[in-house]
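Please keep the sequence and the structure in view while reading.

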Amino acid sequence: MATLGDMGLSAAINILSALVFLVAFAILRLQPFNDRVYFPKWYLKGLRSSPTRSGAFVTRFVNLDWRSYLRFLNWMPDALRMPEPELIDHAGLDSAVYLRIYLLGLKIFVPVTLIAWTILVPVNWTNHTLAKSDVNYSEIDLLSISNIPLGSQRFWTHTVMAYAFTFWACYILQQEYAKVARMRLHFIASEKRRPDQFTVLVKNVPPDPDESISETVEHFFLVNHPDHYLTHQVVCNANKLAKLVKEKKRNQNWLDYYQLKYARNQSQRPMMKTGFLGLCGEKVDAIDHQTAEIERLSKEIAEERERVINDPKSIMPAAFVSFKTRWGAAVCAQTQQSSNPTLWLTEWASEPRDVYWPNLAIPYVSVSIRRLIIGVAFFFLTFFFMIPIAFVQSLANIEYIEQKAPFLKPLIEIKFIKSFIQGFLPGIALKIFLILLPTILMIMSKFEGFLSISGLERRSASRYYIFNIVNVFLGSIIAGTAFQQLNKFIHQSANEIPKTIGVAIPMKATFFITYIMVDGWAGIAAEILRLKPLIIFHLKNFFLVKTEKDRDEAMDPGSLGFDTGEPQIQFYFLLGLVYAVVTPILLPFILVFFGLAYVVFRHQIINVYNQEYESAAAFWPDVHGRIISAMVISQLLLMGLMSTKHAALSTPFLLALPILTISFHLYCKGRYEPAFRRYPLQEAMMKDTLERAKEPNLNLKAYLQNAYIHPVFKGGDDDEDEEEIIEKLEATVLVPTKRQSRRNTPVPSKVSGDSSPSLLDLQEKGRP
């Protein structure tokens, strides 16, 4: 059981670590040779030039202006100075709304912390229940609900505070939901023209033996959307081609490296081994080998490109269909296209940079099977991860360690070592165990077949949040309770076990405090240092960079990482809501996290991150829903805890809280969520009308025609001209036989030009 001394040591280590990271960042960002690491966003926008191009040789690498070091903390006020509208123009609505999650945490927990420390802490402190019991406890537990005697009237205070905190949180959530919904609608109405505003993704196109996919799509939309259909781009399976292009690029990087190495020392040709990771195999001339590999890959790329373009089997039963107006696209995306609800499935197309192209090649019929497989796999991942979680909890219990490893007792009993183990080690150990988890969850999401990067990140974030609840939160409480009270469980009657668990749950606050300091304090400070991108940039700059273009490509601005960042924030919401009534001492630690993270990520968004996509804050309903789920979990746990305290009069009053919270969620879902799921036709018509008035001669087809062509067909030294590739992809074989699709689409195709029977002819033919 961690004591105040143990917590003090943990706080000292983490505060010192955070200060070291922040000071190191403040100094490194001032050095000219690090400019592209800490300000890459401005370089990508073309608003910043390299300070290493001019001046004395030393000043190109080291900042010799001593005055700048006196202002090394100016990045903090600078990060807060940019107003939100300017931030939206600079970084996008996704980034601005993401920051509002941290502000939401501050809005909820600042008043909650003040009230809890003013009312609940004195109520808990002025008791002697734990001192008179034989339960293991620390000084921190004296400030928790565990210190209230059984059946005490003081539990009414906790009941009233639970209602007060719930009503306040719901009020702030409603205000924020309404604000973000208005921001989204305003952003969509005022943003510049984008291809996804006019484009719909059509999936599960039914096969026709007499028509190609392209003909079928064109024919269907000419009939069913005759006044609004503009053009389309079929989806092709170019995954193998993309892998070859990626492999060629990797070999080109190695060739550049070896050529640069040889240019610096021409006395000896660089050599390499052809085996696994260059550690084994035949030793060959590196430049000649990489050149030969690039030539081989170029031939394979050309052959694969021709196969993709000419082989009908490479065309998937899906297409990006573009319309003449946003109104036409909105009608198509939000309505059922066929009497068979499993065919001609439509949804809004993601913006081109948000499309996850590899998954477009996954057959629609296999998606449900894939998601079932991943659901089972995620269950077992969550279940088996209980083992390392239990191990982490065992580290926090000195008695358990001494029992299992008695030879370590002399070392463990040293005061500093004991404080380090109980106050710091569990938090850092849990952080290490969770390092690979986001990567595993992202691989699972990709296997499930989501078609956009934003969709992949939202699904990964959802699974990460569930994992945190089951393993990190409930797993830590259950494992910790089992280890700490194991002896009592064995020697006491079964009727006493629920009481022991009820007392032990708030005692886990000490573990979560250490985790918050490791992950939420030191971890956030380490984020701004960008140590990994810093090292990688300088390695690339030394070994690979030959031109300014190479130097720009060596930058790694990164992005917000919604799949990892948002579940982390939600976990702190969960901890704050659960422990606000139970152990209020935890709340100030959460406030430090929200405040520090807001400043750090605001700086990163302004100067570093380059978002991969813009979804106009489509993730906010997920954020709102997870906070609601955290509130319900906290209320259920509080009811369970109070039931062990013999609070027979006050506990039943808590039953209404989950019902009220869920009802509030349903209200918000019906009132605000449609703004995030559907595009109002009124807004679409207004924007179309304004655009026609401003640009009456706009050639929209030319703007949209190449928007959704696969990236491997764009650019590159040995790629064919883009227009020629599009023409080949759209070319179809004319079939003189009668098309089956005429039964449903009785008009001629613009591609084939064949005549079709009229509706009257079909009616006459159908009569007996």
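## Terms and model

The model under discussion is predicted.

Rolling a probe the size of a water molecule over the atoms shows where empty space is left. In this structure, the count comes to eight cavities of 30 Å³ or more.

## The largest cavity

The largest cavity holds about 160 Å³ of space. It is lined by 16 residues, and the closest to its centre are Ala162, Phe165, Thr166, Leu577 and Ser634. Two or more lining residues are given by each of helix 7 (93-125), helix 9 (155-190), helix 27 (562-582) and helix 29 (620-643). Helix 27 supplies the largest share, five residues.

By class, the lining of the largest cavity divides into 13 nonpolar residues, three polar residues and no charged residues.

## The second largest cavity

About 90 Å³ of space lies in the second largest cavity. Its lining consists of Asp94, Tyr98, Ser454, Glu457, Arg458, Leu560, Phe562, Gln611, Tyr613, Ser615 and Phe619. Helix 7 and helix 21 (453-484) are the elements that give two or more residues to this lining, and the largest share, three residues, comes from helix 21.

How many nonpolar, polar and charged residues does the lining of the second largest cavity have? There are five nonpolar, three polar and three charged residues.

Technical notes
Residues numbered from 1 in each chain as written. Predicted model: local features only at pLDDT ≥ 70, side-chain atom pairs only at ≥ 80, totals over all residues. Heavy atoms only, no water. 1 Å grid on protein atoms, 1.4 Å probe; cavity = no way out; pocket = protein on both sides within 12 Å on 5 of 7 lines; lining within 4 Å. Points joined across faces, edges and corners; volume = space filled by probe spheres on them. Helix = DSSP H or I, 4+ residues; strand = E, 2+ residues; numbered from the N terminus. Nonpolar A, V, L, I, M, F, W, Y, C, P; charged D, E, K, R; others polar.
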